[in-house]
Amino acid sequence: MSALFADAARNWRKLRSEFEDYREQAYERAAEACRDHLLNRRGRAAHVDPYSLFMGPWARVQAYASEELLEWFAEHGRMTFEEFERQRIDALHYEEMAG
């Protein structure tokens with residue numbers, strides 16, 4: 001494996017780990033705010049893991065999330081990994097331009 005690729009892979013794993021920390025914290029805040037009522041009747045019947053609603057397609061959230069969770073997302077947002085990555089890249093570019 002080339003050194004450049006190894007470095008990129010290491011950076012991606014670090015970023016992915018940071019995103020998982022973000023997602024876990026968001027889940028915990030939402031669960032507390034919604035009193036653990038994160039799934040609608042359809043989601044409960046399908047045995048959906050509520051944690052899975054914090055990533056993946058929005059259509060899945062609309063299908064399985066409780067009204068409380070939908071309201072929580074409307075107020076606090078629901079960042080995807082792609083958005084999280086974009087924010088990190090933008091921050092790095094800003095630092096390079098400023099420094």
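The legends below accompany close-up views of a predicted model.

**View 1. Helix 1, its span and its buried residues.**
Helix 1 runs over residues 3–33, and with its 31 residues it reaches 45 Å from the first C-alpha to the last, close to the 45 Å expected at 1.5 Å a residue. The buried residues of this helix are Ala 6, Leu 15, Phe 19, Arg 23, Ala 26, Ala 30 and Ala 31. An α-helix has 3.6 residues a turn, so residues three or four places apart point the same way. What covers the buried residues of helix 1 includes helix 4 and helix 5, the latter spanning residues 81–98. After the helix comes Arg 35, with a positive phi near 55°.

**View 2. Arg 23, a buried arginine in helix 1.**
Arg 23 has its place in helix 1, and it counts as buried because its relative accessibility is 8%, where the cut-off for buried is under 20%. Leaving aside residues up to four places away in sequence, Arg 23 touches Tyr 51, Ser 52, Phe 54 and Met 55.

**View 3**
Helix 1 provides the largest share of the lining, 3 residues. Sorted by class, the lining of the largest cavity holds 6 nonpolar, 1 polar and 2 charged residues.

**View 3. The largest pocket, between residues of helix 1 and helix 5.**
About 260 Å³ of space lies in the largest pocket. The residues that line this pocket are Ala 8, Asn 11, Trp 12, Lys 14, Leu 15, Glu 18, Glu 85, Arg 88, Ile 89, Ala 91, Leu 92 and Glu 95, and the elements that give two or more residues to the lining are helix 1 and helix 5. By class, the lining of the largest pocket comprises 6 nonpolar, 1 polar and 5 charged residues.

Most residues other than glycine have a negative phi, and most peptide bonds are trans. Arg 35, which lies in the loop between helix 1 and helix 2 (41–45), has a phi near 55°, a positive value in a residue other than glycine. Arg 35 is exposed because its relative accessible area is 76%, the cut-off for exposed being over 50%. His 47 is found in the loop between helix 2 and helix 3 (58–64), and its phi is likewise positive, near 55°. With a relative accessibility of 72%, His 47 counts as exposed.

How values were computed
Residues are numbered from 1 along each chain as its sequence is written. This is a predicted model: local features need pLDDT of at least 70, side-chain atom pairs count only at pLDDT 80 or more; totals for chains, interfaces and linings use all residues. Side-chain values use heavy atoms; hydrogens and water are left out. Helices (H or I, at least four residues) and strands (E, at least two) are DSSP runs, numbered from the N terminus. Buried means under 20% relative accessible area, exposed over 50%, partly exposed in between (1.4 Å probe, protein chains only). Contact means heavy atoms within 4.5 Å. Ala, Val, Leu, Ile, Met, Phe, Trp, Tyr, Cys and Pro count as nonpolar, Asp, Glu, Lys and Arg as charged, and the others, Gly among them, as polar. The expected span of a helix is 1.5 Å times one less than its number of residues. On a 1 Å grid over the protein atoms alone, a cavity is a set of points where a 1.4 Å probe fits but cannot get out, and a pocket is an open set with protein on both sides within 12 Å along at least five of seven lines; lining residues have an atom within 4 Å of a point. Grid points are joined across faces, edges and corners, and a volume is the space filled by probe spheres set on the points.
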